[in-house]
Amino acid sequence: IGRTLGLNPKSVRRALGKGLVSLTHFNKEIKKKGREILENIGDYPLPLVIVSRSYIIGDPGMNVDLPRMLLDLGALPIPLDFLPLEEQDLGTYQGRINWSYGQRILRAGELIRKTPRLNAVYFSTFACGPDSFLTTFFKNRMGGKPFLNLEVGKTTAQTHVRTRCEA
């Protein structure tokens with residue numbers, strides 16, 4: 001890309017280095033915020049982890065405005081990326097789930113199950129491939145703790161999602 005933009009390799013490497021430093025700092029800050037929320041979980045009326053892939057929940061065209069809906073309903077939506085998932089054990093799924101995001105989702109299920117007052121909204125697009133069975137594995141990790149499972153597609157209306165969240 002640098003060559004296409006007419007930039008020399010040295011300036012591209014320097015910019016990449018700065019970007020990686022910023023990304024590392026950003027990731028540390030969101031983990032810090034996540035730990036703060038978990039340590040003070042009682043201060044929040046309805047803490048909800050949005051269990052979803054970042055590129056789905058972060059895309060306004062795909063997320064049907066779910067984070068805003070949850071805020072409007074008095075909940076605190078917590079992105080998966082904020083949580084200390086690396087501290088969670090995969091249990092019986094260790095070595096059985098090869099996809100990194102699948103592992104993150106199952107680790108989140110373990111954390112949510114163990115944390116009183118922490119709840120989940122499992123948000124996915126129409127499940128195919130690994131996601132078709134990941135939801136079942138997540139349900140198993142939750143150990144009976146209820147969660148809202150929202151599966152959306154390009155024809156899913158916001159009112160449908162809002163009604164499910166209100167219920």
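Leaving aside residues up to four places away in sequence, Thr135 touches Tyr122 and Asn149, where contact means heavy atoms within 4.5 Å. Thr135 belongs to helix α5 (residues 131-141); helices (H or I, at least four residues) and strands (E, at least two) are DSSP runs, numbered from the N terminus. With a relative accessible area of 16%, Thr135 is buried, because buried means under 20% relative accessible area, exposed over 50%, and partly exposed in between (1.4 Å probe, protein chains only).

A word on the source: this is a predicted model, in which local features need pLDDT of at least 70 and side-chain atom pairs count only at pLDDT 80 or more, while totals for chains, interfaces and linings use all residues. Residues are numbered from 1 along each chain as its sequence is written, and side-chain values use heavy atoms, with hydrogens and water left out.

Now to the sheet. Its 4 strands form an open sheet in the order β2-β1-β3-β4, with parallel pairing; two strands pair if DSSP finds at least two bridges between them. Both β2 (76-79) and β4 (148-152) stand at the edges with a single partner strand each, so one side of each has no neighbour in the sheet. From one strand to the next, the twist averages 25°, taken between axes that are lines fitted to C-alpha atoms (for helices over the stretch in contact), with angles from 0 to 180 degrees between N-to-C directions.

Strand β3 is mostly covered, with 5 of its 7 residues buried. The strand pairs that involve β3 are these:

| Strands | Bridges | Direction |
|---|---|---|
| β1 (residues 47-51) and β3 (residues 119-125) | 4 bridges | parallel |
| β3 and β4 | 5 bridges | parallel |

Which residue of β3 is the bridge partner of Val51? That is Tyr122, and Tyr122 in turn has Asn149 as its bridge partner in β4. Ile50 stands opposite Val121 in β3.

Finally, look at the segment before α1 (9-39), where Ile1 has its place. Is Ile1 buried or exposed? Ile1 is exposed, with a relative accessible area of 83%.
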